[in-house]
Amino acid sequence: MILHIYTIIHVIISLVGIFTGLVVLLGMLSGKHLDGWTKWFLITTVLTSVTGFFFPFHGFTPAIGVGIISLLVLAVAIYARYPCQLAGHWRWIYVVTAVIALYFNVFVAVVQVFEKVPALKVMAPTQTEPPFKVTQLVVLALFVVLGIIAAIRFRPEPYDLNLKDTEERRN
């Protein structure tokens, strides 16, 4: 019973992470920072990986590997976004790592959908069949393309010269 509730909480956090991540990605594609959405995307995506480690498991699994890599990628994204404030090369590093973190969440969601939806489970019972592989390949290709476009379009917000002038006049 407790594991079932924990699973529901984990899934909700994961879905919020995916949703907020898609909003952030759309913001990047349109050159917007969306600071509030970004904060919640990073928090829920970290929580998704962390809560994933508390499921019962025996030995090292692919899910654990994805969780470890995701947390490493998220650490770089958070560092690039906050302490480095997207300065210089940290802008594209942030975009790439944020898109990779979102991709990992979507990758796992596709795995879960193929595992839980009966019609898809019949099509790919071991997840080595072509429908599963093609779906994951299409998702990967989509994220690569969107990540490249986001890295090109997402720029630091322009410095407000009026704000600088106002601050200088105050001093």
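Predicted model: local features only at pLDDT ≥ 70, side-chain atom pairs only at ≥ 80, totals over all residues.
**Largest pocket**

I found 30 lining residues. His10, Phe55, Ala63, Val108 and Gln112 lie nearest the centre of the pocket. The space inside comes to about 1,000 Å³.

Next I checked which helices build the lining. α1 (2-29), α2 (35-52), α3 (62-81) and α4 (90-116) each give at least two residues. Which helix supplies the largest share? I noted α4, with nine residues.

Then I sorted the lining by class. I have 16 nonpolar residues, twelve polar ones and two charged ones.

**Helix α1**

I tested the length of α1. This helix has 28 residues, so at 1.5 Å a residue it should span 40 Å. I took the expected span as 1.5 Å times one less than the number of residues.

After α1 I came to glycine 31. Its phi is positive, near 80 degrees.

**Whole chain**

How many helices and strands does the chain have? I listed seven helices and zero strands. Along the sequence, the pattern reads α-α-α-α-α-α-α.

I put a box around the C-alpha atoms along the principal axes. The box is roughly 70 × 35 × 25 Å.

I also looked up burial. The chain has 171 residues, and 36% of them count as buried.

Notes
Residues numbered from 1 in each chain as written. Heavy atoms only, no water. 1 Å grid on protein atoms, 1.4 Å probe; cavity = no way out; pocket = protein on both sides within 12 Å on 5 of 7 lines; lining within 4 Å. Points joined across faces, edges and corners; volume = space filled by probe spheres on them. Helix = DSSP H or I, 4+ residues; strand = E, 2+ residues; numbered from the N terminus. Nonpolar A, V, L, I, M, F, W, Y, C, P; charged D, E, K, R; others polar. Buried < 20%, exposed > 50% of the residue type's maximum accessible area, 1.4 Å probe, protein only.
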